[in-house]
Amino acid sequence: MKVLYLLFAVFLLLFQATSGSADPLFADTTACRSAQGSFCRAGACPPTFAATGTCHGGLMNCCSK
């Protein structure tokens, strides 16, 4: 039972160190999200939005009004 506590503590420390790794790595994703009202979406944009670029290395659309 004491091993579970130690294992939980090790996992907690490991995942704490990787918390910032979910940041966008692609320049086009950062550019899309920096524009006001823009977002990334897989597939077509909603009816009131237009595709103005790409995200995630060209895999997704950057949608904006």
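**Disulfides and sheet**

Author: When the bonded cysteines of the chain are numbered in sequence order, they pair as 1-5, 2-4 and 3-6. This is a predicted model, in which local features need pLDDT of at least 70 and side-chain atom pairs count only at pLDDT 80 or more, while totals for chains, interfaces and linings use all residues. Residues are numbered from 1 along each chain as its sequence is written, and side-chain values use heavy atoms, with hydrogens and water left out.

Reader: What makes Cys-32 and Cys-62 a disulfide?

Author: A disulfide is a pair of cysteine sulfur atoms within 2.5 Å, and the S to S distance of Cys-32 and Cys-62 is 2.0 Å, so this pair is joined by a disulfide. Cys-32 lies in helix H2 and Cys-62 in strand E3, so the link ties together parts that are 30 residues apart in sequence; helices (H or I, at least four residues) and strands (E, at least two) are DSSP runs, numbered from the N terminus.

Reader: How many disulfides does this rule give?

Author: The count comes to three disulfides. Cys-40 is joined to Cys-55 with an S to S distance of 2.2 Å, and Cys-45 to Cys-63 with 2.0 Å.

Reader: Why is the disulfide of Cys-45 and Cys-63 called left-handed?

Author: The torsion about its S-S bond is about -85°, so the disulfide of Cys-45 and Cys-63 is left-handed. The link of Cys-32 and Cys-62, with 90° about the S-S bond, is right-handed.

Reader: Is Cys-32 buried or exposed, and how do you know?

Author: Buried means under 20% relative accessible area, exposed over 50%, and partly exposed in between (1.4 Å probe, protein chains only). Cys-32 has 4% relative accessibility, and therefore counts as buried; Cys-62, at 5%, counts as buried by that rule.

Reader: How do you know that E2 and E3 pair?

Author: Two strands pair if DSSP finds at least two bridges between them, and E2 and strand E3 (residues 60-64) have five bridges, in the antiparallel sense, so they pair. Gly-53 stands opposite Cys-62 in E3, and Ala-50 stands opposite Ser-64 in E3.

Reader: Why do E1 and E2 count as edge strands?

Author: The open sheet of three strands has the order E1-E3-E2, with antiparallel pairing. Strand E1 (39-41) and strand E2 (50-55) each have a single partner strand, so one side of each is left without a neighbour in the sheet.
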